[in-house]
Amino acid sequence: MPKSKNKPNPQKTEFQVSPAKPSELHFTQDWFSRSIPSWQFILSRMAQKTPHLRILEVGVFEGRSTCWLLQNFCKTPESTIVAIDSFQGGIEHKNMELGGLKKQFENNIASIGSPAKVDVRAGLSIDQLCRLVAEDTESFDFISVDASHQAADVLGDAVLAFQLLKRGGVIAFDDYIWSPMRPGTENPLFLPKAAIDAFTTIYSQKLRILPNLPLYQLYIQKY
Ligand SMILES: C[S@@+](CC[C@H](N)C(=O)[O-])C[C@H]1O[C@@H](n2cnc3c(N)ncnc32)[C@H](O)[C@@H]1O
């Protein structure tokens, strides 16, 4: 007998996340959409094994990626996103007016109406990551590193994020090949790539780089 389309499936409890109306979400920038296909690929495989994901985002800005995670992969009360941001912008944002950034992030998250826990840690990533390590917090399935783009800061974020990652977990390093400087004038100390390369080289026996994904972000998996 064909199943009624409307009949609830008692085996499966689904938490509906009410889609926020576009008018309720306020974003001025989109630095995230280009990474959605890769995140979708990685997280959908992960979610098959781990239904309640624990995610750490280092650098959230207005919450575009956080909202996407809440709408697509963190729909249950047992899912968690820890969101770290200074809410002051990086050096590359010095011409932006960011006075209300934290409030804007919080409003966007509230508009999604997800039951998942969003734990906002405002402050410098190095301080907040050290705090998480010291708290001996439960480790994370997926970590996005997208805060300061200065090489020294990215290196610190990478080492601490790796400490907080589960075995089999994935770190997404944003802006691996980003440079705002004219070709030939780049200073690697002001870009993420030198730090990500140093980190992946030194940790090469503890991780693998995920192959066949677009290189704008670099994805590593912990052995
Ligand atoms: C490129 S934006 C993040 C974008 C976000 N992941 C997205 O996809 O929409 C970088 C963010 O990192 C934050 N940031 C920059 N340097 C930081 C630092 N040292 N510690 C914490 N947050 C920082 C900025 O305030 C900004 O919100």
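User: Helices are DSSP runs of H or I, at least four residues, numbered from the N terminus. With that settled, where is Trp31 found?

Analyst: In this predicted model, Trp31 is found in the segment before helix 1, which covers residues 36–49. Trp31 is partly exposed, as 16 other C-beta atoms lie within 10 Å. From Trp31 to Glu135 the separation is 104 residues in sequence and 31 Å in space, C-alpha to C-alpha.

User: What is the mean pLDDT of the chain?

Analyst: The mean pLDDT is 91, and 90% of the residues reach 70 or more. Where pLDDT is low, the predicted coordinates should not be read in detail.

User: On to the ligand. How many residues surround it, and which are the closest?

Analyst: The ligand is surrounded by 20 residues, and the closest are Phe32, Gly59, Phe61, Ala147 and Ser148. Two elements give two or more residues to this shell: helix 2 (64–72) and strand 2 (80–85).

User: How do the residues of that shell divide into nonpolar, polar and charged?

Analyst: The shell holds 8 nonpolar, 8 polar and 4 charged residues.

User: Which residues is Asp153 in contact with, leaving aside its neighbours within four places in sequence?

Analyst: Asp153 is in contact with Ala147 and Ser148, both of which are listed among the closest residues to the ligand. Asp153 itself lies in helix 5, residues 151–163. Asp153 counts as partly exposed because it has 19 C-beta neighbours inside 10 Å, and a residue needs 20 or more to be buried.

User: Which residues of helix 2 are buried?

Analyst: Ser65, Thr66, Cys67, Leu69 and Leu70 are buried in helix 2. The buried residues of helix 2 pack against strand 1 (54–58), strand 2, helix 3, strand 3 and strand 4.

User: Take strand 4, then. Is Ser144 buried or exposed?

Analyst: Ser144, which lies in strand 4 (residues 140–145), counts as buried, with 28 C-beta neighbours inside 10 Å. Setting aside neighbours within four places in sequence, Ser144 is in contact with Glu57, Val58, Ser65, Ala172 and Asp174. Of these, Ser65 is one of the buried residues of helix 2.

User: And helix 3: what span should its 12 residues have?

Analyst: At 1.5 Å a residue, the 12 residues of helix 3 (residues 101–112) should span 16 Å, and the end C-alpha atoms are 17 Å apart, which agrees.

User: Which residues of helix 3 are buried, and where do they lie when seen down the axis?

Analyst: The buried residues of helix 3 are Leu101, Phe105, Asn108, Ile109, Ser111 and Ile112. Down the axis of helix 3 they fall within an arc of 160°, so they line one face of the helix. An α-helix has 3.6 residues a turn, so residues three or four places apart point the same way. The buried residues of helix 3 pack against helix 2 and strand 3 (117–122).

User: What follows helix 3?

Analyst: Gly113 follows helix 3, and its phi is positive, near 70°.

User: Which residues other than glycine have a positive phi?

Analyst: Phe87 and Asn212 may be named. Most residues other than glycine have a negative phi, and most peptide bonds are trans. For Phe87 the positive phi is about 55°, and for Asn212 phi is near 60°.

User: Where do Phe87 and Asn212 lie?

Analyst: Phe87 lies in the loop between strand 2 and helix 3, and Phe87 is partly exposed, with 19 other C-beta atoms within 10 Å. Asn212 lies in the loop between strand 6 (207–209) and strand 7 (218–222). With 6 other C-beta atoms within 10 Å, Asn212 is exposed.

User: Lastly, is Ile202 buried or exposed?

Analyst: Ile202, which is placed in helix 6 (residues 192–202), is exposed because 12 other C-beta atoms lie within 10 Å, and the exposed class covers 12 or fewer. Ile202 and Phe87 are 31 Å apart, C-alpha to C-alpha, and 115 residues apart in sequence.

Terms used
Residues numbered from 1 in each chain as written. Predicted model: local features only at pLDDT ≥ 70, side-chain atom pairs only at ≥ 80, totals over all residues. Near = placed C-beta within 6 Å. Nonpolar A, V, L, I, M, F, W, Y, C, P; charged D, E, K, R; others polar. Expected span 1.5 Å × (residues − 1). Arc of directions from axis to C-beta. Contact = placed C-beta atoms within 7 Å. pLDDT = per-residue confidence, 0-100.
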